[in-house]
Amino acid sequence: MSDMDPITLAVLKGRLEQIADEMDATLFRSAFNPIIAEAHDASHGLYHAETGETLIQGKSGLPIFVGAMAYATKAVIDKAREDGNLSDGDVYIFNDPYDGGTHLSDFKLIRPYFRDGELFCWIASVGHWHDVGGNVPGNYNPVATESFQEGMLIPPVKLYSGGKLNPDIVTILSANSRLPRSVYGDMNGQVNALQLGIRRLDALLDEYSGPTVQQALTTLRDRGAVLMRARIAGLPDGTWSATDYLDNDGITDEQMQITLKVTVKDEELTLDFTGTSAQCMGPLNISRSTAEAACYVALKHVFPDVPANGGVLEPVQIDLPEESLLCAKAPRPVGGYTETILRLIDVVFQCFAQATPEIAPAPAYGTINALSISGHNPGGQRWVMFSFFGGGHGGHSDGDGLNHGNAPISTATIPPLEILESAYPVKFTQWALRPNSGGEGEYRGGLGAIYEIELLADDAQAFLFGERGRTPPPGVNGGGAALRNRFTFPDGQGGWAEPPMTSKMTGLKLTKGQRVRLETPGGGGWGDPGKRAPALTEQDQRLGYVETKDKA
Amino acid sequence: MTDKSTVIGVDVGGTFTDLFFLDESTGAIDVVKVPSTRGREADGFLDGLSRNNTKLAEVGTIVHGTTVGTNALLERKGAKCGLITSEGFRDVLEMRRRDRPATWGLRGEYTPVIPRDMRMEVPERILADGTIDTPLDHDALRAAAQTLLDQGAEAVVVAFVNAYANTAHEEEALKVLAEIWPNEHLTAATRLLPEIREFERTSTAALNGYLQPVVASYLDRLNTRLGEEGFGGDLLIVQSNGGVMTVDTARQLPVRTALSGPAAGVIASAEIAAAAGFENVITCDMGGTSFDVSLIAGGETHLAAQTSIDFGMVVRSPMIEISTIGAGGGSIAWVDDAGILQIGPESAGSIPGPVAYGQGNDRPTVTDANVVLGRINADRPIGGKLDRLDVEAAKAAILKHVGEPLGLDAIEAAAAILKVANARLAGALRLVSIERGYDPRDFSALPFGGGGALHAGALIGEVGLKSALVPRYPGVASALGCVIADMRHDQVRTVNGILGALDTDALAAQARAIGDEGLALLGDGGISFTGRDLLVELDMSYLGQTHTVAVPVALDALSDRDQIKAAFEATYDTAFGSHLENVAIRVLNLRVSAIGRRPKFDLRVLAPTTDTKPEDAIASRRQMYADGGWHDTPVYDRLALAVGSVVAGPAILEQLDTTIIVELGQTARVDDFGNIVLAAD
């Protein structure tokens with residue numbers, strides 16, 4: 001450990017974090033699409049000049065990017081080395097998920113930061129664009145079998161060279177999106193955020209000198225490793241395993257599994273995913289970088305005080321079987337990456353709950369439920385209503401799970417239904433908590449939700465990408481399972497039907513007055529339901545959180 | 001005196017009730033500070049009034065900043081309230097916007113102020129364009145109200161989906177409910193906030209209903225007591241937007257008092273700064289657990305559209321924008337497992353308080369560091385509850401919890417705590433200015449409350465501020481703000497149209513109509529104004545964006561599309577550096593504020609009238625640690641310093657409730673108003 005003056009270190013830590021936070025705030029306020037502006041599906045940070053490792057990451061960005069952006073930066077570093085002409089003012093842009101993690105919707109803009117002619121670090125911005133082409137508006141294509149069906153794939157290329165915009169790139173990006181105005185606006189917002197980061201870093205380095213800031217970054221990374229080792233050492237030595245399931249890959253209705261064996265030995269932690277299903281035909285695959293980022297997210301939920309830098313993963317070994325669901329190769333589709341990483345996080349929680357019950361919450365609702373409804377307005381223009389829907393959080397040692405929360409990989413908020421109704425020809429007929437949906441336990445899982453939507457236009461199509469339609473979120477430490485995800489639509493005979501793949505549906509034709517209904521899972525329960533305080537049981541009944549059991 | 005020329009500002013805070021007396025005919029002033037009486041706030045209020053010889057019969061106006069509403073929200077001590085919603089939507093309040101309390105850890109719960117069994121649904125539906133889809137079922141409404149009454153509801157709130165686009169059903173519901181509801185505590189959400197976004201509107205209305213019985217009964221009690229003491233003037237209440245309202249309005253709209261006290265402090269600061277010739281200031285209020293900052297640029301305070309009182313407790317109503325970080329005098333300094341010195345967020349508060357208070361806390365706080373370094377007078381603690389502070393205990397705690405883990409001695413460790421604390425405070429100042437597109441170097445710090453002035457000098461260096469301006473009575477700034485505040489009513493309507501296609505004449509007519517309503521609310525008798533103004537803002541964005549910017553537009557310019565566009569682009573440039581071309585512009589909301597300007601008084605009455613030489617104002621000397629060493633430092637009686645006095649650092653200026661540190665290399669000057677201006681040499 002370098003012996004940096006502790007006062008300067010503490011001060012610089014705050015200053016550096018503030019730079020990333022300000023970049024987040026700039027993009028959130030100026031973004032064009034609600035997925036960034038409202039759902040905060042974006043992130044900013046500083047990355048190591050040589051390795052791309054995360055140095056500093058904004059606090060308000062999407063949690064999953066905390067791990068993934070290091071890989072994205074590494075991909076740019078490799079490309080820049082290959083090109084051999086990196087210069088100040090360059091901005092790389094790309095969305096290749098196999099190199100940079102996550103899915104095609106996430107566009108990364110990565111810019112070198114030079115100080116006195118030397119590369120000091122990288123600054124990166126990532127944001128979820130509204131539409132990047134592909135077969136399905138909004139890009140959640142449940143039946144994709146190759147990434148080509150999911151959208152355009154842009155490898156790392158220079159959007160700016162030496163500070164000069166390459167307009168051809170913008171033309172190509174715009175031509176490949178159903179919503180070119182949104183693409184243009186968001187890209188500009190990201191460029192502005194990077195520019196702000198450069199200005200702030202300039203000021204900071206003027207004040208403290210490059211070497212001092214560099215030393216602080218190194219020290220903070222090393223301290224991250226120290227802290228993580230301390231947290232691991234606080235766990236008992238041992239091995240615990242868990243397996244959890246994905247409904248299907250959207251192509252073949254066969255269950256897939258993620259299996260994890262966690263081993264704690266002194267200050268070292270191993271996450272071994274041997275036994276996980278092979279990569280699949282449909283879009284449920286994730287790349288190695290995404291899987292490692294998801295492990296980081298899970299660990300940070302278990303140990304919330306570890307910092308967001310690369311040092312944290314130093315004492316952690318992650319074993320991912322090649323060509324498995326968690327280590328897929330191009331062009332296996334990855335558009336549904338959210339579902340797979342949520343399940344990965346669920347198995348991490350289930351293993352840690354065995355090691356030390358107080359440390360891990362029960363799994364949350366475990367599906368992003370990307371639902372889009374799309375049609376054409378009378379003028380012939382396309383409209384796409386796209387949103388993620390919420391569910392319950394798992395019970396935990398401090399209390400019941402949160403009702404209607406956002407996914408563990410995200411801090412996204414849901415748009416107001418009034419905003420959706422004013423923008424699209426739909427009417428919500430229900431927006432409610434879903435009774436009984438939380439798993440029972442000493443601490444109950446939080447409740448999922450019911451959203452019922454009626455079409456007001458003559459016709460439209462609905463697309464859903466979801467999971468947990470067959471295997472509900474389980475409880476931990478003796479707690480019960482939640483209710484499963486349930487999507488229904490008119491069966492044409494006055495009743496309701498479920499899609500053949502339960503929570504995945506493409507091109508569902510709707511006509512005026514027809515409704516779709518989404519009932520999302522709650523969270524798993526924590527601890528023995530027999531130990532639940534009678535007052536809480538009484539309250540559950542009185543408030544209708546728990547009703548006489550229905551069969552869902 | 002029968003002309004009722006006295007105005008009294010009364011700010012009831014958590015710890016102290018502050019009063020500011022002004023006789024407008026003579027310019028005589030007085031300040032009083034008494035302990036607050038939590039739960040019986042009117043007692044402290046009356047106690048404070050009795051400490052001055054003014055006869056209440058001679059008082060024209062009492063202006064009151066109150067935390068009764070804030071405390072009821074934070075402590076969940078509001079009334080039992082019911083909510084009636086459209087069928088299918090009773091859980092909107094509880095589902096929030098699908099957020100969570102903390103990004104990491106997935107712990108934490110949310111309990112809405114109106115529980116699920118007190119939320120009823122009635123058949124009714126209006127579409128986004130305002131058309132009625134399902135008529136309001138009156139029988140179901142009556143039945144729902146009866147159920148709520150049977151379950152003990154003291155107040156009821158009606159919040160229907162899309163009512164912002166057509167208020168007919170909510171108005172209809174109010175009429176029906178008025179027939180059966182046994183009291184006046186009825187809230188229709190769109191009466192409060194006719195703005196798109198169902199959760200924010202419902203939440204604001206729910207909190208209003210939750211507060212109505214509590215705040216109304218407090219104000220009634222207060223009014224009665226004041227009447228018994230002979231008061232026959234006007235009682236006005238400060239709102240979170242920094243304006244005042246009548247008691248009648250406050251009883252109906254108590255949610256508008258949620259940030260009453262802090263708002264008054266910012267209003268006073270703006271006035272003090274303007275009088276002293278400071279256009280750009282950042283106010284800083286350092287309390288026991290938090291540090292609150294607010295930006296005043298070009299003499300204007302900034303309003304935020306909404307705030308959260310606590311997780312999920314959203315109030316959407318214009319309020320003075322105050323940013324808070326968890327770093328106050330009671331914030332605990334600790335070294336984390338990675339060996340990094342941290343300040344807060346845990347706080348020792350005022351009970352048990354810092355280690356030096358000797359009330360059971362043994363973990364060092366920011367105040368302890370100030371005590372150990374001689375910056376706070378251990379022999380004369382502020383607050384008056386203790387005779388002396390325990391310096392040795394503070395030193396031992398700092399050594400144990402910060403010094404030893406970092407390899408520093410107690411003094412070095414105390415200095416490190418201050419350095420890191422000041423860096424955090426500086427971060428807050430930097431962020432509020434940068435976020436709004438300003439350079440913090442163009443601003444001065446204006447500390448008010450008790451603790452800010454201790455750190456103001458250090459912040460000048462840390463942020464690169466121009467200077468710091470310490471008001472003559474920083475501890476009673478909120479009470480002073482009460483006396484100064486204008487009467488103000490903010491109203492909003494959702495427009496949701498494309499600028500290019502908007503009927504701007506209709507927009508202008510609507511603004512005038514709303515403005516007239518606001519002016520009517522100012523009242524036609526009683527309170528005297530020196531002027532009445534209407535301010536218009538449009539919430540605008542590019543089509544496709546969901547975040548809007550607030551664009552000030554002159555009322556006369558509203559019918560001119562080009563002027564609206566130019567105003568939007570200018571505002572956008574300030575916020576984001578540049579604007580876009582050839583993208584459609586959307587107008588989401590129309591906001592109109594009616595302001596009744598209350599008479600201002602010459603702040604020069606605050607200035608000292610002494611001609612004491614600075615050296616004669618030195619009360620004592622003590623050792624103070626600064627810039628890595630101890631200095632024999634003069635301690636001045638701040639209030640004894642005459643106008644024009646200049647004091648070079650290092651120096652300590654003390655007054656009853658505030659200590660001002662003049663750092664090495666800085667100079668303090670007393671300006672014409674009795675303010676201290678701190679600046680680097």
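This is a predicted model: local features need pLDDT of at least 70, side-chain atom pairs count only at pLDDT 80 or more; totals for chains, interfaces and linings use all residues.
**Chain B, overall form.** I noted 16 helices and 33 strands in the secondary structure of chain B, and I read off a C-alpha trace that spans about 80 × 65 × 55 Å along its principal axes. I then checked the radius of gyration: chain B has 26 Å, which agrees with the value near 26 Å for a compact globule, because that is what the rule gives for 681 residues. Looking up burial next, I found that 54% of the 681 residues in chain B are buried.

**Chain B against chain A.** I listed the contact between the two chains and found 53 residues from chain B and 64 residues from chain A. On the side of chain B that touches chain A, at least two residues each come from α3 (92–95), α7 (198–228) and α12 (410–435) of chain B, and α12(B) gives the most, with 9 residues. Sorting that side of chain B by class, I have 24 nonpolar, 13 polar and 16 charged residues.

**Domains of chain A.** I looked up the division of chain A and found domain 1 (6–226) and domain 2 (361–552), whose C-alpha centres lie 32 Å apart. Between these domains of chain A, 18 residues of domain 1 are in contact with 17 residues of domain 2, and the residues on the domain 1 side divide into 10 nonpolar, 4 polar and 4 charged.

Methods:
Residues are numbered from 1 along each chain as its sequence is written. Chains are lettered from A and ligands numbered from 1 in the order in which they are written. Domain bounds come from an automatic or database domain assignment. Two residues are in contact if their C-beta atoms, placed from the backbone, lie within 7 Å. Ala, Val, Leu, Ile, Met, Phe, Trp, Tyr, Cys and Pro count as nonpolar, Asp, Glu, Lys and Arg as charged, and the others, Gly among them, as polar. Helices (H or I, at least four residues) and strands (E, at least two) are DSSP runs, numbered from the N terminus. The radius of gyration is taken over C-alpha atoms; the globule rule is 2.2 Å times the number of residues to the power 0.38. A residue is buried if 20 or more other C-beta atoms lie within 10 Å of its own, exposed if 12 or fewer, and partly exposed in between; C-beta atoms are placed from the backbone.
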